[in-house]
Amino acid sequence: MTKLKTKSLRTTAFIKLTMRNIIILLITTLLLSCSGDAQIYPDKNWTTHRNPSIACWGETERMNFTRHIIDSTNITGLVIVHKGKIVLEYGDIEENSYIASCRKSVLAMLFGNYIENSTLDLNKTLEDLNIEDVSKLFPIEKKATLKNLISARSGVYLNGSNGGDFRRYAPERGSVEPGTHWLYSNWDFNVAGHIFEQETNSNIYDEIESQLAIPLQMEDWDKSLQAKNGNHEVSKFPVYHMWFSTRDMARIGLLMLRKGKWNDKQVIPEKRVVEIIKQRTSYVEAQKSVPLLKEDDMDLGYGYMWWLIENTDDYRLKNAYSAQGALGQNITVYPEIDVVLAFKTKSNYRRRNSIPTQMNVIRKAVEIYSPQ
């Protein structure tokens, strides 16, 4: 009996040890699936994760988030990408439509290679670049540099050829030294687009195709849809509008997340991506210049034509940044958790999402992800 009892105890201990090892293995596998460093890229088509729940995107949470999008927003297409795979999609992610001010963030990416090879010099002034407009620039305004333009700190408070900015908060013309005051102004961004084409002898849309659409194997890019416009009686610098699909917007976000690298190719110099998302204006200064930003339900600083998410206690939002456009166009990158969010509201439907609504989506999208 003693021998049998001893043998039974050994068997029980062995089973417990085996079960313990299995549990440890399962937990390790789960943690690796949630937080591993593997970098996956889509080829001609996105890969959809077969079981997002294993990757820590709970099924109930995903269903609740989708219900929120349906019931509380006018979003027409949305994708969440984790480690290069789609873990959630909603609506029509294939249709090309107007992306509003996300265009500025795309332009910032196009600058990278040309800054690196010295074709573009961020320290050149408007005077150096022979910039003049319908309303003549003051001498102090001509001192503004290309760097000032792409960081929205030019001190030039002329009307752009289109609306949709915060010029109503502008100080008096000529009262601000370039570089010392932030103001989100379409004049700055439109002139930055003009300078890009002037200095590179290239068209913005050709550059999107060669620098982004082709290397990233965009599925829906259509150069024939792209068009500039604007009121040239107000300003001679046009708006370089852009049309993208939601899933191609996600590719742009993934390229930024990977610091300009796509598979084995460095599409944009890494240090230029770092410069793009480096803080040029804190959320405190931005809200002081434009008090309306205090109502946005998220504290946003500014880099080079990308918005920076600041002052957050949620580790998932730490160091996150966004391309944002009117109506509800958005690309948000969450570096701490290897996630990209892209969503849009097709302008033809004449429906919009308020800024607080968009900020809420940015927050709720990653609240689904729970690796603990």
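The model is predicted, so local features need pLDDT of at least 70 and side-chain atom pairs count only at pLDDT 80 or more, while totals for chains, interfaces and linings use all residues. Residues are numbered from 1 along each chain as its sequence is written, and side-chain values use heavy atoms, with hydrogens and water left out.

Start with the helices. Two packed helices are described by the angle between their axes and the distance between the axes. Helices here are DSSP runs of H or I with at least four residues, strands are runs of E with at least two, and both are numbered from the N terminus. Axes are lines fitted to C-alpha atoms, for helices over the stretch in contact, and angles run from 0 to 180 degrees between N-to-C directions.

Take α3 (residues 102–116) and α6 (residues 204–213). Their axes come within 10 Å and cross at roughly 75 degrees. That makes α3 roughly perpendicular to α6 (65 to 115 degrees; under 35 is roughly parallel, over 145 roughly antiparallel, the rest oblique). On the α3 side, the contact (heavy atoms within 4.5 Å) uses Val-106, Leu-107, Met-109, Leu-110, Asn-113 and Tyr-114. On the α6 side it uses Ile-204, Glu-207, Ile-208, Gln-211 and Leu-212. Eight of the contact residues are nonpolar, two polar and one charged. Ala, Val, Leu, Ile, Met, Phe, Trp, Tyr, Cys and Pro count as nonpolar, Asp, Glu, Lys and Arg as charged, and the others, Gly among them, as polar.

Now turn to α2 (residues 59–72) and α10. These helices pack at an angle of about 170 degrees, with their axes 11 Å apart. They are therefore roughly antiparallel to each other. From α2 come Phe-65, His-68, Ile-69 and Ser-72; they meet Thr-357, Asn-360, Val-361, Lys-364 and Ala-365 in α10. By class, this contact has four nonpolar, four polar and one charged residues.

Helix α10 also holds Ile-362. Ile-362 is buried, with a relative accessible area of 0% (buried means under 20%, exposed over 50%, partly exposed in between, with a 1.4 Å probe and protein chains only). Beyond its neighbours within four places in sequence, Ile-362 is in contact with residues including Met-298, Ile-309, Leu-317, Tyr-334 and Phe-343. Leu-341 is another of its contacts. The C-alpha atoms of Ile-362 and Leu-341 are 7.6 Å apart, across 21 residues of sequence.

Asn-353 is buried, with a relative accessible area of 5%. A polar atom of the Asn-353 side chain lies 2.8 Å from the backbone nitrogen of Asn-74. Setting aside residues up to four places away in sequence, Asn-353 touches Thr-73, Asn-74, Ile-75, Leu-327, Gly-328, Thr-345 and Gln-358.

Leu-327, one of those partners, sits in the loop between β11 (321–325) and β12 (329–334). Leu-327 has a phi near 80 degrees, a positive value in a residue other than glycine. At 14% relative accessibility, Leu-327 counts as buried. Asp-297 also has a positive phi, near 70 degrees. Asp-297 lies in the loop between α9 (283–289) and β9 (299–302) and is partly exposed, at 42%.

Next come the rings. The whole structure contains 16 aromatic pairs. Rings of Phe, Tyr and Trp (its six-membered ring) pair if their centres lie within 6.5 Å; planes under 30 degrees apart count as stacked, over 60 as edge-to-face and the rest as tilted. Trp-182 and Trp-307 have ring centres 5.9 Å apart and planes at 75 degrees, so the pair is edge-to-face. Trp-182 lies in the loop between α4 (146–150) and α5 (186–200) and Trp-307 in strand β10 (residues 307–310), so the pair ties together parts 125 residues apart in sequence. Trp-182 is buried at 0% relative accessible area, and Trp-307 is buried at 7%.

A further edge-to-face pair joins Trp-187 and Phe-237, with centres 6.2 Å apart and planes at 90 degrees. Trp-187 is in helix α5 and Phe-237 in the loop between β4 (228–229) and β5 (239–240), 50 residues apart. Both are buried. Ring pairs also link Phe-166, Tyr-169, Trp-182, Tyr-184, Phe-189, Tyr-302 and Trp-307 into a cluster.

Methods
Polar contact = N/O pair within 3.5 Å; in protein donor to acceptor, adjacent residues only side chain to side chain.
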